[in-house]
Amino acid sequence: MIKRLILVFFFLTGLLPLIAGAELTVEIVGGAAQQIPIAIVPFSAPASTASQESVTDVIGADLSRSGLFRVLETRGVASQPHTLTDVKYSDWSAIQAQALTVGTVESLPGNRLKVSFRLLDVLKQNQLLAMEFNIAPSQQRTTAHKIADLIYEKLTGEKGVFATRITYVNKLNGRYALQVADADGFNPQTVVSSKEPIISPSWSPDGTKLAYVSFEKKKPIIFVQSLLSGQRMVLANFKGNNSAPAWSPDGKKLAIVLTYSANSQIYVINADGTGLQQVSFSSGIDTEPEWAPDGSAIYFTSNRGGGPQIYRMASTGGEAKRITFEGSYNVSPHISPDGKLLTYVKQDAKGFRIAVQDLATGQVQTLSETTQDESPSFAPNGRMILYATNIGGKGSLAAVSADGRVKQRLTDNGGDVREPSWGFAIN
Amino acid sequence: MKKSLLASAVLAALLAACSSTAVKDKPAAPVEDSSKSSAQTAPAPAADDGASTGTASQDSVGVNPLKDPNNILSKRSVYFDFDKDEVKAEYRPLVDAHAKYLQANPNAKVMIQGNADSRGSREYNLALGQRRSVAVKKAMNVVGAQDKQIETVSYGEEKATQTCKDDGCWSHDRRADIVYEGE
């Protein structure tokens, strides 16, 4: 109960950590104008799981963090239903809830758990969703994220991203660790660590592999590593720098950057390291390739016109078209999953900030207010953009909604965190 | 306070528990090719490893010009403007002196390490650092240093100061360093 109080207090102040004890702590520093009021009654749970963080707490934290929900206090409500027959809708309309979630966690033979939940419309007094999960006890957090995703999708009409993973590089005690964590910062796993820098992690489209650049041989080399087996292979170790890997949407190829010709240029290589082909030919820097979602084009950063700007060319090469025109320094392009929005780092009078550009209209909106922002990437649903920022000389992560309304900060207790990339759903 | 301590402990436990690939840290020299013929940086003729020290790098009084603070060859850094890779006129004497040294000492080799300040994207800065190292190399080529004596590498912004707040600090990171083999 104390925990719930703390959660609600933090939510109201909007400035303090929602969840403590995780490696990355998520804070909400802004919210949507219209928030859906939802009541989540603590699920009944067997005594064996009583000491663990409850499924209900995780669902509530997820929905709050999205900025689109207002999770209501349920303690003072007379009825505490767990099943449909126990629900008295008048109790919930009295606290202005529009939606209500009830559920149970039950022990099953063989050390399994059955998690059941229902999502109810308080105004219409009907059931919107009902589902059961048969899980191992270790899957409680993931199941809670999946339930939060289902509630989010039902009530907002777009897919949730709570049961997804992110990757980032954490510099801790002089070592660089490439890590993968749940989207709420929990459950961090180190994929690879080195005394030399690691940059530019890129998810394979199936979410099972990461390509990244490691300086462990005193120069940048591209590796591809399986998250399932931990095995890794050298994808590119050519003369000069090997960097900026980006998977094609079909997972068969990667765009990479080599300085084979002394100047950074874009190449395409098969995922097994064969079939290298140069696709950009300029006398300036061409780097940071990013595939359009349909694989037909590659967006990239080039200073061919003087300062760095973002261009687009066919993924087989050819003439490039300039995409960004505001300001003299626009880098690190990333495309929304629907292909309609471009996010990038834009230098203006205030510093280096995250911008989003509507590719159809060319309209640009600056989303972040900090001054040293880098490495933006879209969440799989296209709503949030995860990026790196610098607070007090230390790297940390932040996220902002593509409309600029919802802002989150993910801070690490000890490390210097950079180079984030939002990945895919947890299976 | 307790919470962050606890969190650190949890993190440490997680880090220890998860199966990961730890890269072995080799104490490798920055120059990959450690060829035998170069001992330019030996501090004195009587090196106690018994190897014959190169006399080419030492002047008549036995002081290594590369280490002599009164010699321009002891200066190793070329600084650049933001988002630029042109070698500015003020660094020409430094670059020329090293090029002439390489010309006079055909066995000497250098690694030119390009760097950028911490602002902007890491990948763009990696490419920019590369162009800075290549710009210094080309300036040396003009004066007669041979390609085979010069290697280039970029560290991008990876060696940059993270706590800079003004250009006095950032400008220090926008540089190419000339490092002789064996140093």
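1. In chain A, strand β10 and strand β11 (residues 209–214) pair in the antiparallel sense over 4 bridges, where pairing requires that DSSP finds at least two bridges between two strands. Within this pair, I199(A) has V213(A) of β11(A) as its bridge partner. Strands here are DSSP runs of E with at least two residues and helices are runs of H or I with at least four residues, both numbered from the N terminus.

2. As to the basis of these remarks, this is a predicted model, in which local features need pLDDT of at least 70 and side-chain atom pairs count only at pLDDT 80 or more, while totals for chains, interfaces and linings use all residues. Residues are numbered from 1 along each chain as its sequence is written, and chains are lettered from A and ligands numbered from 1 in the order in which they are written.

3. The β10–β11 pair belongs to an open sheet of 4 strands in chain A, with the order β10-β11-β12-β13 and antiparallel pairing. Its edge strands, each pairing on one side only, are β10 (198–203) and β13 (232–236) of chain A. On average, neighbouring strands of this sheet are turned by 25 degrees against each other, direction ignored, with axes taken as lines fitted to C-alpha atoms.

4. Elsewhere in chain A, strand β5 (residues 112–121) and strand β6 (residues 126–135) pair in the antiparallel sense over 9 bridges, and L119(A) stands opposite L129(A) in β6(A). The hairpin of β5(A) and β6(A) has 4 residues between the strands, and Q125(A) in this hairpin takes a positive phi near 55 degrees.

5. The domain assignment of chain A gives domain 1 (31–156) and domain 2 (164–425), with bounds that come from an automatic or database assignment. The centres of the two domains, taken over C-alpha atoms, are separated by 36 Å. The contact between them takes 9 residues from domain 1 of chain A and 7 residues from domain 2 of chain A, two residues being in contact if their C-beta atoms, placed from the backbone, lie within 7 Å.

6. On the side of domain 1 of chain A that touches domain 2, the elements that give two or more residues are α2 (55–65) and α4 (140–156) of chain A, and α2(A) gives the most, with 3 residues.

7. Chain B has 4 helices and 5 strands, which follow the pattern α-β-β-α-β-α-β-α-β along the sequence. Among contacts in chain B between residues at least 6 apart in sequence, 70% join residues at least 24 apart.

Methods:
Axes fitted to C-alpha atoms, helices over the stretch in contact; angles between N-to-C directions.
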